[in-house]
Amino acid sequence: MIAHIINTDAGGRGIGRVYLEYRLSSFNFMEKATETFLDNLDKTLVITGFPIPPSMVPETDGPPGALALVRAVEDLGGSAEVLSYPEVLEAIKGFGVSVAGDVEVSNYSLIIAIETPGRASDGKYYSMSGTEIIRGAFDGIFLEAREYGIPTIAIGDGGNEAGMGNIRGLIERYIPLGRKIASVVGADHLITSGVSNWGAYGLVAQASLMAGRNLLLDWDERKVLTALKAGGIIDGVRKRACLSVDGIGLEVHEKIVELLKTVVNDALGD
């Protein structure tokens, strides 16, 4: 049920069809990703941040999910650091996250990429509209982690993110401009979602079921998006700072979180 909830295609991008076919070949992708998450969270690096053309300001999709993952890691006894663009790190500094400095990949036990650009087949990075992204990217760190054999989990919603190379064929088939924008960067585990933040919340929800306690219980979507808006982080569709993600209003995101919380509470008998 969690996988179905987080893959609701509210933005109409085509990720719903991608998810249904992906699930045919990887039915337990949520469970497998969560097992890796729980088994390797001692020192976790969470990478996020997606610059939006033409301003190249990062968007509101990604950072909230990253914060939720960091909090879950710490609640479960691990440690986590965030790697992102300066604007994002400034906007979320009030949440007490540890910021990654000079990243030495081999020092980490797990690396998670959520909504961060992954290079296409021509080596460039693209938005969903096919516009080139002219700003430094972090997918090289993700690739380096795979070379070291460090477990990687990726979360994406459009096909142009690091990790979506696992299902490049589906992206090319079902996502508009997929042949141009599809990332070639893969991951050990890929979580698809209608909004990448929802994929992170889904991972936390699945971890809650396996850990026996609701790690999403006190999550406050409004508080996080308010901080991002104040920091100038923009909605990637509306291209302005507002209380929305991917063109979808705050209330929808709050309802998705509440639904996940309820599903977890029901399964745990709370």
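**Exercise 1.** How are helices α4 and α9 oriented to each other: roughly parallel or roughly antiparallel?

*Solution.* The model is predicted. Begin with the geometry: α4 (residues 63-75) and α9 (residues 196-211) pack at an angle of about 15 degrees, and their axes lie 7 Å apart. Angles under 35 degrees count as roughly parallel. The two helices, α4 and α9, are therefore roughly parallel to each other. The crossing of α4 past α9 is left-handed. Next, consider the residues: Pro63, Pro64, Gly65, Ala68, Leu69 and Ala72 of α4 are in contact with Asn197, Ala200, Tyr201, Leu203 and Val204 of α9. Sorted by class, this contact comprises 9 nonpolar and 2 polar residues, with no charged residues.

**Exercise 2.** Determine whether Ser127 is buried or exposed, and identify its contacts.

*Solution.* Ser127 is located in the loop between β6 (110-114) and α6 (139-148). Buried means under 20% relative accessible area. Because its relative accessibility is 7%, Ser127 counts as buried. Its side chain forms a polar contact of 2.8 Å with the side chain of Ser129. Leaving aside residues up to four places away in sequence, Ser127 touches Phe50, Pro53, Ile133, Asn160 and Ile181. One of these, Pro53, is joined to Pro54 by a cis peptide bond, with omega near 0 degrees. Pro54 itself is in the loop between β2 (51-52) and β3 (57-58).

**Exercise 3.** Describe the backbone and the exposure of Leu177 and Asp246.

*Solution.* Leu177, in the loop between α7 (168-174) and α8 (178-181), is not a glycine, yet has a positive phi of about 65 degrees. At 44% relative accessibility, Leu177 counts as partly exposed. Asp246 lies in the loop between β9 (244-245) and β10 (248-249), and its phi is also positive, near 55 degrees. With 8% relative accessibility, Asp246 counts as buried.

Conventions:
Residues are numbered from 1 along each chain as its sequence is written. This is a predicted model: local features need pLDDT of at least 70, side-chain atom pairs count only at pLDDT 80 or more; totals for chains, interfaces and linings use all residues. Side-chain values use heavy atoms; hydrogens and water are left out. Axes are lines fitted to C-alpha atoms, for helices over the stretch in contact, and angles run from 0 to 180 degrees between N-to-C directions. Helices (H or I, at least four residues) and strands (E, at least two) are DSSP runs, numbered from the N terminus. Angles under 35 degrees count as roughly parallel, over 145 as roughly antiparallel, 65 to 115 as roughly perpendicular and the rest as oblique. A crossing is left-handed if the near helix is turned anticlockwise from the far one by less than a right angle, and right-handed if clockwise. Contact means heavy atoms within 4.5 Å. Ala, Val, Leu, Ile, Met, Phe, Trp, Tyr, Cys and Pro count as nonpolar, Asp, Glu, Lys and Arg as charged, and the others, Gly among them, as polar. Buried means under 20% relative accessible area, exposed over 50%, partly exposed in between (1.4 Å probe, protein chains only). A polar contact is a pair of N or O atoms within 3.5 Å; within protein, one must be able to donate a hydrogen and the other to accept it, and residues adjacent in sequence count only if both atoms are side-chain atoms.
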